[in-house]
Amino acid sequence: MRYYPGKIGLPSPHEVNHAVEAAFREYGEGQVQMPPKVYVTLPKGDFRTMPAYLPSMGIAGVKIVNVHPENPRSGLPTVMALTIILDIDTGMPQAVLNATELTDLRTGAAGAVAAQYLSRKKRIALGVVGSGRQAIAQVHAIADVLEIEEILVWSRTAENAVEFCGQFGEIGCRAGSVESACNADVIVTTTPSRTPLIRSEWVQKGTHINAIGADAPGKEELDPALLVRGRVFVDDPEQALHSGEINLPFSQGLFRADQIAGTLGDVVCGRKKRESQDEITIFDSTGLAIQDLAIASLVMGRGEYIDLPFP
């Protein structure tokens, strides 16, 4: 069995975007096996298990990922992950990957794929709500598919916003209010908020939004009125209704399941698309196991690993 320790030989945003786009296409074609993720709640966070089989890449496995919002106080990442790959012919464990940074990359790639297909412009002002690791990953991934002319960022901590802007010296970056970050062509939300941060009236016609932060029951970043006003695309309907941006509005009767416009797989396959220059499009991302398998396949192909005896 092989262990891939992470950091070593990370694939580029372009490689990850391409692999994740291919995974969404296969999902849209109905070719993958992927039960919804399972949540286990712990005193200060939770962990999720995410199994899948991606036939086109000949890869199957499961990711275990935690979310503990208080971890940074102890110098630990909020999100940490481990992916186990199984041999598809025998079921024998084939590889173990440190998937903490890979999780950031594959989530960023989903946002990039959504922005590539649903943004009305190819040259954009990018609004970023939140300034953590996933916000950074979203910028790098989107920069591979769209030309970012300016970044408008909001963070709960002004120092973090300044540090965030310092990482993108080649792109103009300004910190400001949440409302100012909404004055953009594409908006990315990456916070763990449990109350809406983005008001509907702040969002212009024609905007595309990547709603990334709400990935568990009870989380919510967008005004429910914005979901009704726009067209909502999800990565997976069952997961989104349970734990995505739409989970609370759905449970409160403010948003119906039949109001989902389609999946990102539908968009990549060409069955669904932006229908007008003025409509607001929203991608509700919960994170799919097929994204993890796609990036695992990339990493395993690079050949940088440590052999572990097994069984």
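Which residue meets the side chain of D266 in a salt bridge? The partner is R271, at 2.6 Å from N to O; a salt bridge here is a side-chain nitrogen of Lys or Arg within 4 Å of a carboxyl oxygen of Asp or Glu. This is a predicted model, in which local features need pLDDT of at least 70 and side-chain atom pairs count only at pLDDT 80 or more, while totals for chains, interfaces and linings use all residues. Residues are numbered from 1 along each chain as its sequence is written, and side-chain values use heavy atoms, with hydrogens and water left out.

D266 is buried at 14% relative accessibility, whereas R271 is partly exposed at 47% (buried means under 20% relative accessible area, exposed over 50%, and partly exposed in between, with a 1.4 Å probe and protein chains only). The structure holds 17 salt bridges. Side chains of opposite charge can pair when their charged atoms come close.

Another of these pairs joins D292 and K63, 2.8 Å apart from N to O. It links distant parts of the chain, since D292 sits in helix α10 and K63 in strand β4, 229 residues apart (helices, H or I of at least four residues, and strands, E of at least two, are DSSP runs numbered from the N terminus). Both partners are buried: D292 has a relative accessible area of 3% and K63 one of 1%. K63 is also the residue that an unreviewed UniProt entry lists under "active site"; such annotations may be inferred rather than shown by experiment. Among the residues that K63 touches, leaving out those up to four places away in sequence, are R48, T83, R106 and D292 (contact means heavy atoms within 4.5 Å).

Beyond its neighbours within four places in sequence, I290 is in contact with A23, F24, Y27, V32, M34, A52 and L54.

Helix α2 (residues 100-118) has 15 of its 19 residues buried, so it is largely enclosed by the rest of the structure.
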